[in-house]
Amino acid sequence: MSFIIDLIKTIILGIVQGITEWLPVSSTGHLILFDSLWPLTPPEFFNVFKVVIQFGSILAVLFLYFKKLNPFDPSKSNKQKKDTFSLWGKVIVGVIPAGIIGLLLDDIIDGYLSANFVIAITLIAYGIIFIIVEKNPKPVTINKLEQLDYLTSLKIGFFQCLALIPGTSRSGATILGGLHCGCSRYVASEFSFFIAIPVMAGASLLKIVKYIMGFGFFSFSQLVLLIIGTFISFIVSIFAIRTLLNYVRKHNFTVFGYYRIALGIFVLLFFYIL
């Protein structure tokens, strides 16, 4: 019976991850909040679970953008292949800051920055920032990924470091970085998808290795939950990515700012006042 309950939690968490990973609302924050209300035990397993199921979201990006991200596609011209290699170079440059800082601060983030209060404050703070940014937009100078240079990629990478604090949103931080650097909403969103691939893959591997070193290999039931959660995250992410890209063609991110503020206030009221 306990496995069935954990399975239901896993399905819900996979759906939450798939939806919120690509929207600028913080997937990790939502997962931690859900776990506070209905925990997936033991806590050590949830700390791994909430990161590993992000791998499903990565697979969704690779699935949707396989041709665009594949430099060896025989249908591409030499210039297109060169542009694809260049895109991967920009992605690698962009992940360096978060990769280094995340590796150094992983234990501190898990131990001190995953509290509901921190999540609430970051939800509200970045919600306000999104509203301000959208009301005072910078001129768009980058309308295509090919126009993105290495220095701009690095700047966006430093913005991604902000997302190491739960509640910030990795996609939200990189999108804000892109908008600040003059990217269109579409380019900022797409680059946030691509820059997530090595970061999230590395974070998943790090969590798995640390868990195995500290607690041994996963039990059969834990493996099943990880696989199911990852698969659900993959399927839902496909729809979330397509929905976001269609949305940003005609709308800005203001609605996500108001959603973040409302959710942050709810968290403060629910956990600390009511």
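Q: In which helix is valine 91 found?
A: In this predicted model, where local features need pLDDT of at least 70, side-chain atom pairs count only at pLDDT 80 or more, and totals for chains, interfaces and linings use all residues, valine 91 is found in helix α6, a helix being a DSSP run of H or I with at least four residues, numbered from the N terminus. Residues are numbered from 1 along each chain as its sequence is written, and side-chain values use heavy atoms, with hydrogens and water left out.

Q: Why is valine 91 called buried?
A: Buried means under 20% relative accessible area, with exposed over 50% and partly exposed in between, using a 1.4 Å probe and protein chains only; valine 91 has a relative accessible area of 1%, so it counts as buried.

Q: Which residues are in contact with valine 91, leaving aside its neighbours within four places in sequence?
A: With contact taken as heavy atoms within 4.5 Å, valine 91 touches Phe191, Phe194, Ile195 and Pro198.

Q: What makes lysine 9 count as buried?
A: Lysine 9 has a relative accessibility of 7%, and therefore counts as buried. This lysine 9 is found in helix α1, residues 2-20, and, apart from neighbours within four places in sequence, lysine 9 is in contact with Phe34, Trp38, Pro39 and Leu40.

Q: Why is the protein called as compact as a globular protein of its length?
A: The protein has 12 helices and zero strands. Its radius of gyration is 18 Å, close to the 19 Å that the globule rule gives for 274 residues, so the protein is as compact as a globular protein of that length; the radius is taken over C-alpha atoms, and the rule is 2.2 Å times the number of residues to the power 0.38.

Q: How much of the protein counts as buried?
A: Of the 274 residues of the protein, 50% count as buried.

Q: What is the volume of the largest pocket, and which residues lie closest to its centre?
A: The largest pocket holds about 700 Å³ of space, and of the 35 residues that line this pocket, Gln54, Ala163, Leu164, Val199 and Ala203 are the closest to its centre. On a 1 Å grid over the protein atoms alone, a pocket is an open set of points where a 1.4 Å probe fits, with protein on both sides within 12 Å along at least five of seven lines, and lining residues have an atom within 4 Å of a point.

Q: Which helix gives the most to the lining of the largest pocket?
A: Helix α6 gives the most to this lining, with nine residues.

Conventions. Helix = DSSP H or I, 4+ residues; strand = E, 2+ residues; numbered from the N terminus. Points joined across faces, edges and corners; volume = space filled by probe spheres on them.
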